[in-house]
Amino acid sequence: MIADTVTTSSVKNGALRVALVTGSTSGIGESIARRLASDGMTVALHSRSSVERGKALAAELKHASYFQADLSQVDQCSSLIDAVLAQHGRLDVLVNCAGITEAIPHASIQQATPEIWRRLYEVNVIAPWVLVGAAEAALRKSAEEGVPACVLNISSHAGVRPKGASIPYAVSKAALNHMTKLLAATLAPAIRVNALAPGLVNTPLTQSWTDSQALWNERAPMGRAASPDDIADLAAMIVHSNYLTGEVIVADGGMNLT
Ligand SMILES: NC(=O)c1ccc[n+]([C@@H]2O[C@H](COP(=O)([O-])OP(=O)(O)OC[C@H]3O[C@@H](n4cnc5c(N)ncnc54)[C@H](OP(=O)(O)O)[C@@H]3O)[C@@H](O)[C@H]2O)c1
């Protein structure tokens, strides 16, 4: 029996739609997974190393499952999609949320080594690309039922403005934003591709960023950083749309206006 929170877009031809949310054992990804599950979707949770947390969440959320994969490894990106398809038999939504950062003052150019650039690109840019490629056939098959499939990339306001924890991080998110638009134009109308670009969000990643928190409290028109649930609300709106594509939606509490 499906809970009455199920939305029209969560069930197609009697089958629950399946959403893979990468990096969903913590922070923004966990909130998106919880939100999509409460909207009636089957959620495939994923993380790199927090296996026990992933299994506990899968046990808690109805119809959910958990998969471990290190997305810095290209072969593990492809096998993640294979494993989700083997378990659930379909894939309708791919949320690329797993991401890493490195805090380096922008003026410390020597500190931002090629090794750091490569590490951030592997997880923040190349992994979403490989995942979309591995998922394309399944997403196109989903769209044959009459509702476009969906890719949602969790980017950052740092990919839109000259800001962010470091230049390599900001550039990796700018690349993800541009990839979003190029893929949206390429994969339409079967697959919608959008990006959500949060400003500061209170997650384990940013727990110690007291300067940024003070900045958001003082300067952002909304007077605070986002909660993961604020971002999950927007993610759900994008996932449940049947029309939106090619957009990079900045969710920074209005900070870009200041
Ligand atoms: N928090 C913010 O202020 C903010 C702002 C703008 C954008 N974002 C973006 O939002 C996304 C989520 O951020 P968050 O703050 O929620 O992060 P978080 O709490 O640190 O969670 C990161 C998730 O990604 C997974 N992950 C990291 N590296 C991985 C890898 N190599 N392979 C597979 N999974 C990996 C982690 O798994 P393990 O725990 O197992 O390592 C975890 O589940 C990121 O893309 C980030 O850049 C965050």
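Guide: A salt bridge is a side-chain nitrogen of Lys or Arg within 4 Å of a carboxyl oxygen of Asp or Glu. This is a predicted model, where local features need pLDDT of at least 70, side-chain atom pairs count only at pLDDT 80 or more, and totals for chains, interfaces and linings use all residues. Residues are numbered from 1 along each chain as its sequence is written, and side-chain values use heavy atoms, with hydrogens and water left out.

Visitor: How many salt bridges does that rule give?

Guide: Side chains of opposite charge can pair when their charged atoms come close. Go through the model with the rule, and the count reaches twelve.

Visitor: Which residue does Glu30 meet in a salt bridge?

Guide: Their N to O distance is 2.8 Å. The pair links distant parts of the chain, 23 residues apart, with Glu30 in helix α1 and its partner in helix α2 (residues 51-60); helices (H or I, at least four residues) and strands (E, at least two) are DSSP runs numbered from the N terminus. The partner is Arg53.

Visitor: Now the ligand: how many residues surround it?

Guide: A residue counts as near if one of its heavy atoms lies within 4 Å of the molecule. Among the closest are Ser26, Tyr169 and Val201. The whole surrounding set comes to 33 residues.

Visitor: What is the distance from the side chain of Thr203 to the ligand's oxygen?

Guide: Look for N or O atom pairs within 3.5 Å, the limit for a polar contact. A polar backbone atom of Ser49 is 2.7 Å from a ligand oxygen, and a polar side-chain atom of Asp70 is 3.1 Å from a ligand nitrogen. For the polar side-chain atom of Thr203 and a ligand oxygen, the distance is 2.5 Å.

Visitor: What is the phi of His63?

Guide: Most residues other than glycine have a negative phi. His63, in the loop between α2 and β5 (65-68), is not a glycine, yet its phi is positive. The value is about 70°.

Terms used
A polar contact is a pair of N or O atoms within 3.5 Å; within protein, one must be able to donate a hydrogen and the other to accept it, and residues adjacent in sequence count only if both atoms are side-chain atoms.
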